[in-house]
Amino acid sequence: MSQSSPNYQEFIEEQEPQADLGTLSKHPPEIESLIEPIRKSDTYYLFIRDRQLFKWLDFQRDSRANGYVVAVSCADLRKACQFYRLRYVRKRGSLHSIPMPVVYAQVQQPGSPTDLFLAILSELSNPFTGVCQLKLLRNRTWMTLSYYNVSVLIIGNAHYLSYQSFNELVEITRHLKISVIPVGSLYLHEILTRQSKKYTDVANTFLDWHEFSSFQKQETVEVISSWESQVLGGWKQPLNLTSDSGIVNILYERSGGQAETLYEMLRKIAIFSLEKPDLALDVSSLKSILLTRSKPSSRVSL
């Protein structure tokens with residue numbers, strides 16, 4: 001096996017033009033069959049930070065306290081919240097079992113009250129999810145949350161929420177006596193701590209907060225091994241990326257301690273190794289593969 005390091009730019013430039021513009025894949029069927037599961041892979045690893053978040057959410061729920069959660073990577077935070085919900089929610093067929101103590105609803109842009117209520121109703125499998133008058137949506141949302149005995153309502157992408165939507169959350173927690181937890185990007189912290197008379201009541205409703213931090217460096221080996229096992233488990237020659245501490249260090253630094261960013265790089269490395277099977281994966285080749293990739297934004301002071 002050649003030990004020369006691949007130059008990623010040269011690799012891109014040497015690819016021949018597509019003979020059939022209607023066909024996206026240029027790979028032979030045996031290679032494409034290996035790439036497809038990599039492309040579609042969607043894994044989750046339970047980090048120390050996840051356990052810390054779950055403990056904080058449990059405490060907020062038990063004490064019926066509101067609060068908010070911020071993260072550098074909303075993709076990582078979303079998966080953690082979905083996993084937390086699955087710990088408490090059960091289904092009978094297509095219907096949720098009662099009680100349903102935890103609800104995680106993800107808001108879409110532009111984050112209006114209508115967007116908020118439809119997201120909650122959709123998560124609760126309520127058939128009354130068509131667009132209608134705001135008053136009817138509000139009443140139906142309150143009734144449905146009460147019917148399912150929800151004790152904590154987690155709202156994803158909360159940095160999208162409008163001023164009116166934040167006030168709807170205030171009314172939900174006051175009317176239903178449940179814990180409401182908006183979660184989102186670091187901008188959410190700026191929204192809920194801004195010195196504004198307009199936001200005073202909203203800010204005073206969400207005083208507790210938790211930062212969903214980066215995963216710890218010592219966890220990198222475990223998460224890479226877990227990904228290889230789940231996604232590349234059928235490979236005759238595994239990548240064994242964790243056998244080289246230099247590779248592990250680079251992947252941690254380039255990921256910024258964010259899982260989805262790390263998984264994205266692992267997918268790229270795995271597919272590159274299929275494209276260039278005769279080239280060794282080492283620190284030099286890894287730097288070349290990731291040459292055009294910027295590091296993610298780092299944690300900022302809150």
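I start with a helix pair: α2 (residues 29–40) and α12 (residues 259–275) pack at an angle of about 175°, and their axes are 10 Å apart. That angle makes α2 roughly antiparallel to α12. For the terms, axes are lines fitted to C-alpha atoms, for helices over the stretch in contact, and angles run from 0 to 180 degrees between N-to-C directions. Angles under 35 degrees count as roughly parallel, over 145 as roughly antiparallel, 65 to 115 as roughly perpendicular, and the rest as oblique. Helices (H or I, at least four residues) and strands (E, at least two) are DSSP runs, numbered from the N terminus.

Before going on, the ground rules. This is a predicted model, in which local features need pLDDT of at least 70 and side-chain atom pairs count only at pLDDT 80 or more, while totals for chains, interfaces and linings use all residues. Residues are numbered from 1 along each chain as its sequence is written, and side-chain values use heavy atoms, with hydrogens and water left out.

Which residues does α2 bring to α12? From α2 come Ile-31, Leu-34, Ile-35, Ile-38 and Arg-39, and they meet Arg-267, Ala-270, Ile-271 and Leu-274 in α12; contact means heavy atoms within 4.5 Å. Sorted by class, this contact has 7 nonpolar, no polar and 2 charged residues. In that sorting, Ala, Val, Leu, Ile, Met, Phe, Trp, Tyr, Cys and Pro count as nonpolar, Asp, Glu, Lys and Arg as charged, and the others, Gly among them, as polar.

The second pair is α5 (residues 113–123) with α7 (residues 163–176), where the angle is about 50° and the axes are 8 Å apart. These two helices are therefore oblique to each other. Pro-113, Leu-116, Phe-117 and Ile-120 on the α5 side meet Gln-164, Ser-165, Glu-168, Leu-169 and Ile-172 on the α7 side. The class count for α5 with α7 is 6 nonpolar, 2 polar and 1 charged residues.

Now the chain as a whole. It has 13 helices and 7 strands. Of its 302 residues, 47% are buried, where buried means under 20% relative accessible area, exposed over 50%, and partly exposed in between (1.4 Å probe, protein chains only). Among contacts between residues at least 6 apart in sequence, 75% join residues at least 24 apart.

On to the cores. A nonpolar core is a set of buried Ala, Val, Leu, Ile, Met, Phe, Trp, Tyr and Cys residues joined through side-chain atoms within 4.5 Å. The largest one has 37 residues, of which Ile-120, Ile-155, Phe-166, Leu-169 and Ile-172 touch the most other members. At least two residues of this core come from each of β1 (68–71), β4 (102–106), α5, α6 (134–147), β5 (152–156), α7 and α8 (187–193). The largest share, 6 residues, is supplied by α5. Apart from this core lies another, of 30 residues, including Ile-38, Phe-47, Val-231 and Leu-262.

What does Phe-166 touch? Leaving aside neighbours within four places in sequence, Phe-166 is in contact with Ala-158, Leu-161, Leu-188, Ile-191, Leu-192, Tyr-199 and Val-202.

His-210 lies in strand β7 (residues 209–212). Is His-210 buried or exposed? His-210 is buried, with a relative accessible area of 14%. Not counting residues up to four places away in sequence, His-210 touches Gln-52, Leu-53, Trp-56, Tyr-68, Val-69 and Val-70.

Next, the prolines. Pro-99 sits in the loop between β3 and β4, and the peptide bond from Ile-98 to Pro-99 is cis, with omega near 5°. Pro-101 is in the loop between β3 (95–96) and β4, and Pro-101 is buried at a relative accessible area of 18%. Pro-101 touches Tyr-88, Asn-149, Val-150, Ser-151 and Val-152, again not counting residues up to four places away in sequence. Pro-110 is found in the loop between β4 and α5, and a cis peptide bond with omega of about 5° joins Gln-109 and Pro-110.

Last, two backbone entries. Asn-157, in the loop between β5 and α7, has a positive phi of about 55° although it is not a glycine. Asn-157 is buried, with a relative accessible area of 13%. Lys-177, in the loop between α7 and β6 (179–185), also is not a glycine and has a positive phi of about 60°. Lys-177 is partly exposed, with a relative accessible area of 48%.
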